[in-house]
Amino acid sequence: MKRAALLLCLGLMACAMHSMEAGEDGTVGNGVSARAEPGFAQIHLAGMRYWTQHGTGLDELAFYTGIKDGQPLFRTPGVRIGEMPVYRARMTPNDIQDLVVASLGKKKMQNVRAGPLRPCPFGSAQGFCFDLTLANDEGLEMRGRAIASARGGVLDLLVFTAPAQFYFTQVSPAVDRIFASIQVK
Amino acid sequence: MLTLLLMAGAARAQPQADSDEAGLAMQVAKAEDDIRNSAALVRDPALNDYVKSIVCRLTLCAALRVYVVEAPGLNVLALPNGALLVWTGTLLRMDNEAELAHLLAHELAHYQHKHSLDQYHRMLDTSGVVALLGVAASGVGIGFVSTPASMAALGASYSHSQSQEREADKTGLEMAAAAGYDPAAAPALWRAADADFLKRHPSGEERLAALQELVQQMPARTWNSSAALPVTAPYLERWIGEELRRDTDTVALFTHLAVSGRGLCRYGLGEAYRKRGLAGDAALAASWFRAALAAPDAPPLAWRGLGLLAMQNGDKPAARAAFAQYRVMAPDADDRAMIDYYLAQL
C-alpha cells in the first residue's frame, strides 16, 4: 500500500529518485560530471536534478547546467517564466553571482546574501564560487555554496543549500568533495 | 448594515463570528502573524521608529503597527487591521520626507475609508468562490505570508478601484498637509512612481490633474522643511544592490535617483546601463561611473563598474587600471580574490 502511494506520489510530482553508489560518476548535464559521495541519492524533480543526503528541503545540491543566453537558471512553480531573471552570455562572475541571488529570491528564499566571490577550479575549466546565507519562506536560516563556470557563453552552475543548523555543517564537507570531483568534457 | 470593522486609531468592534468581516479579520490577523515573524523584516529600531514617527504625525497611531520589509521596488501596504508595510525600495525612492509622508498618508486613507473591506465584499459579491480560490492560490488566506512576494500578493488581492484611489488621494493630501508636509510633494511623488507601483495605483493624467487642483486649493502656509531621509544612508549601498539585481530595466529609476548627486546613485545608474547592455549603454555607463567618482562621496564600486565594463568590452588596459583603483579604495571588498583573478588574466 505504501509502495503504491509512493509510486502515485512520484508519478504526480514527475519525480524520480535513486540511491547513488559512493564514487559513482554521475553525468549531470552539458558534459559535466561529478563523483557521488556516500549516502547521496539523486532526484529528478520537475525537470531538475538534485543530489541529497536527507531529502530536498533539508539538503540539496542542485545542478543547473547548459544554461544559454536568455534562459533562467531554473523554473519555479507559481512564477511565470518571463518573471524569472535570465542568464546573459556577456555576464561577468559578479553578475552571475547577482543572478543566483535574484533567482533564489524568486524561489521564495529571503534575505539572500552572497560572498565572498572567488575563483575556483571547475574540473579542468576555470570557474568561480561563493557562499550563500538565506532564509526559506518559513524563516529557517540556511546556508549555501555555489560553484559555476561559463564556457562559450553557456553556464554550468551547482548550488548547495541546507539549514544552517546541523545539515549545512553535516553535509558541506561531502559537497566540497563533490565540487572538487567535477569534470568537464 | 454591516458592522464597521476598522476605525483608525479607535478601538474596533469585534465582528460577528459569522460575518464577512470576521472572515477578513481572521485572514489578515493570520497574515500579520506571519509578517511579524518574517525574516524579511528590517529590525533596526532607528529605521522603524523613523517611519512610525511620520505615521504618528499623520494620524492617531496607537493602534497602528509599522513593518519595514527588506525588498526592492516601490510598495506600501496598509492591511485592513492597521498593519502598515513599507518596502525598503520605497524608502530608497523617496527624495524627501514629505514624499514619504504623502505616500503613507495615501495608504492610511485607504485604511481609514475601509477600502479593503469594500474590496473583500466585492470579491464575495461578484466573483464568489472563484475569486476566493484565486486569492488562496496566491498565498493569501492559506499558507505563509512571510516573503516579500507573498506580502505583495496580499496587497494585490485588496487592490482598489479608481474612485477609491481618488478618495485616498484627497484624504491623504489633507492628512499630510495637516501634519505640515508640503502638498506639492504629492503630485511629484506620483509622477516619479515606477511602473510596478502604477499598475496598482493607476495614475493617469486625469488623476494627476485632479490632484494638482486639490494642491492649489490648499490654504497657503509655511510647510515643514523636508530633508532627504537621514536614517536610510547606512542602507543605501545594500538597497541599490537589491534594485540592480532585480533583472528589470532600472535605468529610469536610477536616472531619477542620480539627480540627488549622491555618488552611490550615480554608480547605480552606471550599473543599470552596464547591466542593460543595449547599443550605446556602455558609453553611458562609463560616463555615470566617472560622475560617481567625481562626487564628494565617490564610491569604490564605481571603479569596479568601470573595470567590469572595460573587461566586457575587451579594453584590457582600462580594465586593469580600474580594478587596481578598486583594490586600493576597497581593500576589504569581498570580491577581492575575484578581482585579483581578473587582474591576473588581463
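This is a predicted model: local features need pLDDT of at least 70, side-chain atom pairs count only at pLDDT 80 or more; totals for chains, interfaces and linings use all residues.
User: Why is B:Cys61 called buried?

Analyst: The relative accessibility of B:Cys61 is 16%, and a residue is called buried when its relative accessible area is under 20%, so B:Cys61 counts as buried.

User: What makes B:Cys56 buried, partly exposed or exposed?

Analyst: B:Cys56 has a relative accessible area of 31%, whereas buried would require a value under 20% and exposed a value over 50%; because 31% lies in between, B:Cys56 is partly exposed.

User: And what is the value for B:Cys265, and is that residue buried or exposed?

Analyst: For B:Cys265 the relative accessible area is 0%, which is under the limit of 20%, and therefore B:Cys265 is buried.

User: How do you know that B:Cys56 and B:Cys61 form a disulfide?

Analyst: The sulfur atoms of B:Cys56 and B:Cys61 are 2.0 Å apart, and a pair of cysteine sulfur atoms within 2.5 Å is taken as a disulfide, so this pair qualifies. The link of B:Cys56 and B:Cys61 is right-handed, with 95° about the S-S bond.

User: What makes A:Cys120 and A:Cys129 a disulfide?

Analyst: Their S to S distance is 1.7 Å, and because the rule asks for sulfur atoms within 2.5 Å, A:Cys120 and A:Cys129 are counted as joined. Both A:Cys120 and A:Cys129 are buried, and by this rule the count over all chains comes to 2 disulfides.

User: Which strands make up the open sheet of chain B, and in what order?

Analyst: The sheet has 3 strands in the order E1-E3-E2, with mixed pairing.

User: Why do strands E1 and E2 of chain B stand at the edges?

Analyst: Strand E1 (65-69) and strand E2 (76-78) of chain B each have a single partner strand, so one side of each is left without a neighbour in the sheet. Neighbouring strands of this sheet are turned by 15° against each other on average, direction ignored.

User: How do you know that E1(B) and strand E3 of chain B pair?

Analyst: E1(B) is joined to strand E3 (residues 83-87) of chain B by 5 bridges, and since pairing needs at least two bridges, the two strands, which run parallel, are paired. One of the residues involved is B:Val69, whose bridge partner in E3(B) is B:Trp87.

User: Which helix lies across E1 and E3 of chain B?

Analyst: Helix H2 (residues 45-58) of chain B does, running at about 130° to E1(B). Helix H4 (residues 97-112) of chain B packs on the sheet as well, where H4 touches E2 and E3 of chain B and makes about 30° with the direction of E2(B).

Conventions:
Residues are numbered from 1 along each chain as its sequence is written. Chains are lettered from A and ligands numbered from 1 in the order in which they are written. Side-chain values use heavy atoms; hydrogens and water are left out. Helices (H or I, at least four residues) and strands (E, at least two) are DSSP runs, numbered from the N terminus. Axes are lines fitted to C-alpha atoms, for helices over the stretch in contact, and angles run from 0 to 180 degrees between N-to-C directions. Contact means heavy atoms within 4.5 Å. Buried means under 20% relative accessible area, exposed over 50%, partly exposed in between (1.4 Å probe, protein chains only).
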